[in-house]
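Here are my notes on the model, point by point. Have it open while you read.

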Amino acid sequence: MTIYIAYNSTGVSAATQTNVAVGGVAYTTTGSRMMLQLDIPATIQLRIIEWGVSFNGSAAATPNTVELAQVATGTTVSTAHSTSTILPYNDPNAPASRLTMATSGFYTGAVTRTSTTVDRVFDSQFIAPTSQYIKMWPLGREPVVAPSKKLQISMNLQAAVTALAYVIWEES
């Protein structure tokens, strides 16, 4: 089984992913924000293995609502991922993902969430701005994102923070 990982970052480089320019996206306003969006091709479905988010807040405050969900209509964003392919997470000899990081595949950016009609919510949590959250599903109980749908990690911010989010999946 080949698994893949995607972050809400502009791309991996020699710098650490906690750096705003490379890793987490700085959200400077409050409200509903889309952190990461994967556009699933019509030929595959995704089995979600794990997802997570962390914030860099320095003071305790009202928690942010963070959600992992399948949506039919994606959010229009201004920043596409800087690399064109998603490489395997667990096997360096496996093929690249069939999901590409082009303008129709993977989006990042501190944008207002425009698609609020959710097909299915896989997980929803209150997460403090000074904290982090990781969810790994038990084997055989992982949620599946249908072909031609979008997978979104979105949040409703209570304060300006930098967020680093990721999702790990397998394709079938």
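1. Is Ser-148 buried, partly exposed or exposed? Ser-148 counts as partly exposed because its relative accessibility is 42% (buried is under 20% relative accessible area, exposed over 50%, partly exposed in between, with a 1.4 Å probe and protein chains only). Ser-148 sits in the loop between strand 10 (144-145) and strand 11 (150-157); helices (H or I, at least four residues) and strands (E, at least two) are DSSP runs, numbered from the N terminus. Have a look at the backbone here too: phi of Ser-148 is near 65°, a positive value in a residue other than glycine. Most residues other than glycine have a negative phi.

2. Before going further, the ground rules. This is a predicted model, where local features need pLDDT of at least 70, side-chain atom pairs count only at pLDDT 80 or more, and totals for chains, interfaces and linings use all residues. Residues are numbered from 1 along each chain as its sequence is written, and side-chain values use heavy atoms, with hydrogens and water left out.

3. On confidence: pLDDT is the predictor's confidence in each residue, from 0 to 100. The protein chain has a mean pLDDT of 79, with 72% of its residues at 70 or more. Confidence is lowest in strand 7 (residues 106-112), with a mean of 53, and highest in strand 9 (residues 132-136), at 97. Residues 13-23 have pLDDT below 50, yet this stretch has 20 contacts in the model beyond near neighbours in sequence (contact means heavy atoms within 4.5 Å).

4. Back to the loop between strand 10 and strand 11, where Ala-146 also lies. Ala-146 is partly exposed, at 24% relative accessibility. Not counting residues up to four places away in sequence, Ala-146 touches Ile-40, Ile-44, Gln-45, Gln-70 and Arg-120. Its C-alpha is 7.0 Å from that of Leu-46, 100 residues apart along the chain.

5. Glu-170, in strand 12 (residues 161-171), is buried because its relative accessible area is 17%. Leaving aside neighbours within four places in sequence, its contacts include Met-1, Thr-2, Gln-45 and Arg-47.

6. Finally, the nonpolar cores (sets of buried Ala, Val, Leu, Ile, Met, Phe, Trp, Tyr and Cys residues joined through side-chain atoms within 4.5 Å). The largest has 30 residues, and among those touching the most other members are Leu-38, Trp-51, Ile-153 and Trp-169. Strands supplying at least two residues each to this core include strand 3 (31-39), strand 4 (46-55) and strand 12. A second, separate core of five residues includes Ile-3, Ile-5, Tyr-166 and Ile-168.
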